[in-house]
Amino acid sequence: MAIFCARRRRLVDLVASAWSWGSHRGIANGHHLFRSSGRPTIVHKRGADILHDPWYNKGTALPPTERDRLGLRGLLPPRVMTPQQQIDRFMSDFKSLERTTRDGPRDMSALAKWRILNRLHDRNETLYYKILIDNIKNFAPIIYTPTVGLVCQNYSGLFRRPRGMYFSSADRGEMVSMIYNWPAEHVDIIVVTDGSRILGLGDLGVQGIGIPIGKLDLYVAAAGFNPQRVLPVMIDVGTNNKKLLDDPLYLGLQQPRLEGEDYLAVIDEFMEGVFTRWPHVIVQFEDFQSKWAFKLLQRYRNHYRMFNDDVQGTAGVALAGLFGAVRAQGKPLSELANAKIVVVGAGSAGLGVLHMTRKAIGQILGDKSKATRNLYILDKLGLVTKERADADVDPDAKPFARNTNEGLREGASLLEVVKQVKPDMLVGLSGVGGIFTPEVLREMKNADYKRPAIFPMSNPTMNAECTAEEAFKNVGDHIIFASGSPFDDVELENGKIGHVNQGNNMYLFPGIGLGTLLCGARTVTDRMLSSAAARLASYMGEEDVNNGKIYPPISSIRDISKEVAVAVLRAAVEEDIVEGYRDLSARELQHMSEDQIREYVDQYMWSPQYSPLIYEER
């Protein structure tokens with residue numbers, strides 16, 4: 001008990017000492033680092049400059065004493081509002097917007113909601129994140145999928161002020177020095193894209209910056225990353241989208257995409273620059289086209305703290321769902337090795353799911369050679385078999401190629417495969433809306449599982465392989481359903497409710513990032529990722545799983561992220577790759593119990609609260 005108390009005091013001391021870490025705007029100590037305890041924030045500006053800075057602006061909540069010492073008296077209405085009154089005012093405006101746009105075009109309504117949130121983000125960071133955290137279930141679909149896809153498609157027209165950094169092929173030879181233009185002294189996490197495969201929408205060029213911005217909002221809201229220590233990045237290497245090439249208002253380079261060694265040289269230079277300035281930063285790759293996603297992951301993962309969410313995050317969430325589907329049958333998790341799984345889509349996400357599933361099954365069987373016996377993959381040409389010409393198959397799909405002597409021909413259609421294989425689990429990551437046709441879905445009634453799993457995981461909603469209603473209508477009320485984009489629960493004719501799970505990557509990537517940050521591991525290992533998936537799979541209780549609920553509610557995302565971070569950190573300890581974080585040594589981390597690790601993680605999760613502002617001249 002005495003040892004535990006001593007370690008607990010050590011944690012408190014570490015958090016207290018962390019207040020001395022300044023931000024790029026001159027904060028000596030303050031709420032932008034950790035949970036506020038009334039400590040002041042030192043600022044080096046006064047007057048209207050405060051009101052125009054979203055980090056410091058409290059708007060009408062600025063108290064009289066701060067208005068006096070910061071030269072703000074007369075620059076704001078006289079009444080001082082409480083933070084809760086500010087929240088109520090914004091939510092009233094938001095609900096009014098919802099009412100006025102309810103009967104209009106859906107896309108216009110979605111963009112209007114994104115705009116009102118984005119304007120708040122531009123004015124008052126603290127209030128923005130407070131509202132986002134408290135309303136994460138309703139606002140996550142606006143700041144991220146599905147609305148973010150619409151935002152990216154229209155980003156050149158929506159752009160008002162820069163957020164993040166832009167690197168381009170025109171900057172070759174200058175990127176290492178460019179990194180120092182970013183004003184933050186410390187950056188914990190970067191999300192980067194080249195805009196080549198934005199969700200299921202294809203090449204959107206520089207407009208893909210909306211993806212890193214949305215992802216990092218989720219890192220802050222879900223895992224408590226400090227918003228002053230995150231950086232969204234776009235690497236513009238051109239675009240092959242003819243519409244953008246011909247658009248006079250397009251904001252990116254209007255030239256064909258770089259390929260081959262020229263492309264790799266740009267990404268290499270970016271990575272070198274980032275890790276030169278911030279050696280301990282984590283870089284998440286996002287929405288790179290399939291031909292580069294795996295190649296870049298293998299190129300960098302053993303040398304830098306990086307991971308690819310499309311490959312590894314999607315795979316982890318899907319694997320957790322597959323384990324959940326096994327649990328819903330009343331079977332032990334080891335029975336995943338016997339489940340027949342068909343994956344439709346051989347892009348980075350589909351292949352990532354299969355590779356992680358193969359590793360999990362190999363561990364269950366203790367024999368990697370038998371891990372693919374029940375795994376099938378279809379690409380745009382149909383079923384991948386060993387008769388497929390090398391030029392027509394992704395090298396990463398070859399381990400899953402089937403023998404044609406199993407009764408299925410090369411290039412067999414999805415309907416043929418489902419009829420012959422009678423899969424227990426059907427996973428869609430194709431980006432082809434409606435590919436799970438009523439005929440395909442009705443064949444799923446013949447699965448060996450009493451509760452077959454239907455997972456249309458493609459984003460955004462229009463690219464989902466089927467809707468929830470189509471799945472329940474054609475297969476039955478007994479299925480386990482999970483989708484990538486949100487669908488409402490389905491009211492069935494028998495009076496029952498068909499439960500819709502959303503297999504959203506946000507269940508994993510914020511916690512993976514947080515756990516990696518706090519353990520200090522130099523790389524993100526397969527064991528850290530599989531531990532994250534296993535923790536998510538075990539999060540739901542047996543009663544919920546029996547009722548078809550295999551993923552937790554989004555409203556619990558901060559607790560989920562904390563648990564995932566704990567699992568990641570423990571996996572790193574078990575692999576003996578922790579190096580500590582700030583003043584906490586690797587040895588101290590290695591001797592922590594799980595409860596102590598959970599407390600450690602919780603202490604470092606930032607929460608948005610106003611703190612007093614104190615002016616100090618430079």
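Colleague: Which residues does UniProt list for "binding site"?

Modeller: The unreviewed UniProt entry lists R197, N459 and N504; such annotations may be inferred rather than shown by experiment. Residues are numbered from 1 along each chain as its sequence is written. This is a predicted model, where local features need pLDDT of at least 70 and side-chain atom pairs pLDDT 80 or more, while totals for chains, interfaces and linings use all residues, and side-chain values use heavy atoms, leaving out hydrogens and water.

Colleague: Why is N504 called buried?

Modeller: Buried means under 20% relative accessible area, exposed over 50% and partly exposed in between, with a 1.4 Å probe and protein chains only. N504 has 8%, so it is buried.

Colleague: And what makes K331 partly exposed?

Modeller: Its relative accessible area is 34%, so K331 falls in the middle class.

Colleague: How do you know that N504 touches T145 and V317?

Modeller: Contact means heavy atoms within 4.5 Å. N504 has such contacts with T145 and V317, not counting residues up to four places away in sequence. With that same exclusion, N459 touches T145, L199, G200, G484 and S485, and K331 touches V326 and Y449.

Colleague: What makes the pair of N504 and M506 a polar contact?

Modeller: The definition asks for N or O atoms within 3.5 Å, one able to donate a hydrogen and the other to accept it; residues adjacent in sequence count only if both atoms are side-chain atoms. The backbone nitrogen of M506 lies 2.9 Å from a polar atom of the N504 side chain, so the distance is within the cut-off.
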